[in-house]
Amino acid sequence: MDSESPKLEMVFIPFIAPGHMIPMVDLARLIASHGVRVTIIITTHNALIFKKAIDRDIETGNPINLHILPFPFAQVGLPEGIENLGSLTSPDQTAKVSMGAMLLQKPIEQILRDRAPDCIVSDMFYPWTADVAAQLGIPRIWFQGSSFTALCAAHSVESNAPHEKVTSDTETFVVPGLPDRLEMTRLQLPDHVRSKTPYGALLDLIGEAETRSYGVLMNSFYELEPSYIDHFKSVIGKKAWHIGPVSLCLSKYDKANRGQNSVVDAHKCLSWLDSKKANSVLYVSFGSLAKFRAPQLHEIALALQASSHPFIWVIRYEETTKDQMWLPDGFKERMNGLMIHGWAPQVLILEHPAIGGFMTHCGWNSILESVTAGVPLIAWPMYAEQFYNEKLVTQIAKIGVGVGAEEWYNLIDDERKVLVKREKIEKAVLRLMDSGDEAEKIRERAKEFGEKAKSVVEVGGSSYNDLTGLIDELVRLRASTAVGWMDSPKSRVNPIHPT
Ligand code: UDP
């Protein structure tokens, strides 16, 4: 950026779920570290999670601040403090927190009008920010916390409807027009693809807002999914920047309490890992939202017991309080592992050399954090775009094995019909953790991707270049606003570098 011109100003609006908020705050901090003036609009209790880290950034001279808004607890009937989908204490709170997020529209719009920044970076779940951006005559970039592979696959399924050409939910079909031959079943597709749902209607609104946006910011890196990044830009024709892995901007302190306060002492956890051999421990965690019913937890426990590899197993509170009876007799006495009931310091754990595998629900942040740490994966996709992410892990980058999950499920209804049985889980664990030829190759590739992930954020790396390229482009765009970047449909896609 030209040191004479006023600093570029960007406002970030994260959505109130950990898998969206965590990477978006990292992203905002990363951009501020490049001298851009950054404001993050965030609600009171969510702000507490990030405040210390932001204060440290400010002390080091980065131009970043939090604009804190009260969450409308009373209006939606929630107890004070419940303002994030990752901290719910009962299922009925999901809709209330989402409603609270909707009520934030008016106050956020006012902040945007008052600040009139040079650019809005908004979570995909706030499509209305496209309208405010248009009124202010500034670009809106949306943040999409998923892989390019998932975006391309979802786009193909929605455009070609290959699932309508098969005769049963379990018959496989090929997702057409992609760089690789990816096969899926109807049962693995989100419910809104298979039938009309209210969530599908929201996604239509989100998609429509995207057509009026300047482009998308992605927490990924070119070397991880090059053909899907190229496909996204050239075939789908949207402008995108891949600037990840954003977790690499974190300090050791940030990692210990990232996203929530960890329920375990990070030092104790790391010293337990210190006592284990390199690559010997399996980390088992299913993100911030997934919950299992007792029978599925029982199957996981039996599989871990049978595989006899040391493990760290993160279990969400809700699961354990609902039913304490699912653990096999004597499991805790016999286990060579740690069970963490609540929030774990995931990035710190994954970085420890003793971790040899990560059994994950294929949330995009978890995959990328594992890739960054060079840790191979056991892919157990569940909801959202996770079945597409699984393909990247097992077939495209080939850095993991699948557990054989058959059924997509809706996080809110949680009515999974198909259990993943202990035999399948144990088989996947042994395939990855017992050092056969296949496991060695996967491990080697995961390590190589880990090295690449670290190099792309260094000066001259692909993510570094994309990030500085974005900043330069926004500066040029600001200088050319006399033309008005949204004047013609063509300029909507990219007024500066038409594709
Ligand atoms: N996470 C964590 N500790 C936990 C559970 C989750 O730090 O005990 C973090 C994890 O590192 C990741 C995010 O929460 O950054 C979860 O995002 P992901 O996309 O993997 O899954 P989601 O929760 O959105 O389904």
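**Exercise 1. Over which residues does pLDDT stay under 50, and how many contacts beyond four places in sequence does the model have for them?**

Solution. The structure is a predicted model, in which local features need pLDDT of at least 70, side-chain atom pairs count only at pLDDT 80 or more, and totals for chains, interfaces and linings use all residues. Residues are numbered from 1 along each chain as its sequence is written.

Step 1. Begin with pLDDT, the predictor's confidence in each residue, from 0 to 100. The protein averages 91, and 93% of the residues score at least 70.

Step 2. Locate the segment: pLDDT stays under 50 over residues 487-499. For this segment the model has 18 contacts beyond four places in sequence, a contact being two residues whose C-beta atoms, placed from the backbone, lie within 7 Å.

Step 3. For the complex, the predictor gives an ipTM of 1.00 and a pTM of 0.94.

**Exercise 2. Determine the domains of the protein and describe the contact between them.**

Solution. Step 1. The domain assignment, from an automatic or database source, gives domain 1 (9-248 + 460-480) and domain 2 (263-457).

Step 1. Their C-alpha centres lie 25 Å apart. To the contact, domain 1 contributes 38 residues and domain 2 contributes 32 residues.

Step 2. On the side of domain 1 that touches domain 2, the elements giving two or more residues are H1, helix H7 (148-160) and helix H21 (462-479). Helices (H or I, at least four residues) and strands (E, at least two) are DSSP runs, numbered from the N terminus.

Step 3. That side divides into 19 nonpolar, 15 polar and four charged residues. Here Ala, Val, Leu, Ile, Met, Phe, Trp, Tyr, Cys and Pro count as nonpolar, Asp, Glu, Lys and Arg as charged, and the others, Gly among them, as polar.

**Exercise 3. Which residues are closest to the ligand, and where does the ligand lie relative to the domains?**

Solution. Step 1. The ligand is surrounded by 19 residues, of which Gly19, Gly287, Ser288, Gly363 and Ser366 are the closest. A residue is near a molecule if its C-beta atom, placed from the backbone, lies within 6 Å of it.

Step 1. Helix H1 (18-32), helix H16 (346-351) and helix H17 (364-373) each give two or more residues to this shell. The largest share, four residues, comes from H17.

Step 2. The shell comprises eight nonpolar, nine polar and two charged residues.

Step 3. Both domain 1 and domain 2 give residues to the shell, so the ligand lies between them.

**Exercise 4. Is helix H18 mostly covered or mostly uncovered, and which elements do its buried residues pack against?**

Solution. Step 1. A residue is buried if 20 or more other C-beta atoms lie within 10 Å of its own, exposed if 12 or fewer, and partly exposed in between, with C-beta atoms placed from the backbone.

Step 1. Helix H18 (residues 386-396) is mostly covered, with nine of its 11 residues buried. Among them are Phe387, Tyr388, Glu390, Lys391 and Leu392.

Step 2. The buried residues of H18 pack against H7, strand S7 (183-185), H17, strand S14 (377-379) and strand S15 (400-402).

Step 3. Just after H18, lysine 398 takes a positive phi of about 55 degrees.

**Exercise 5. Where is proline 245 found, and what is the form of the peptide bond from glycine 244?**

Solution. Step 1. Proline 245 is found in the loop between strand S9 (240-242) and helix H11 (252-256).

Step 1. The bond from glycine 244 to proline 245 is cis, with omega near -5 degrees.
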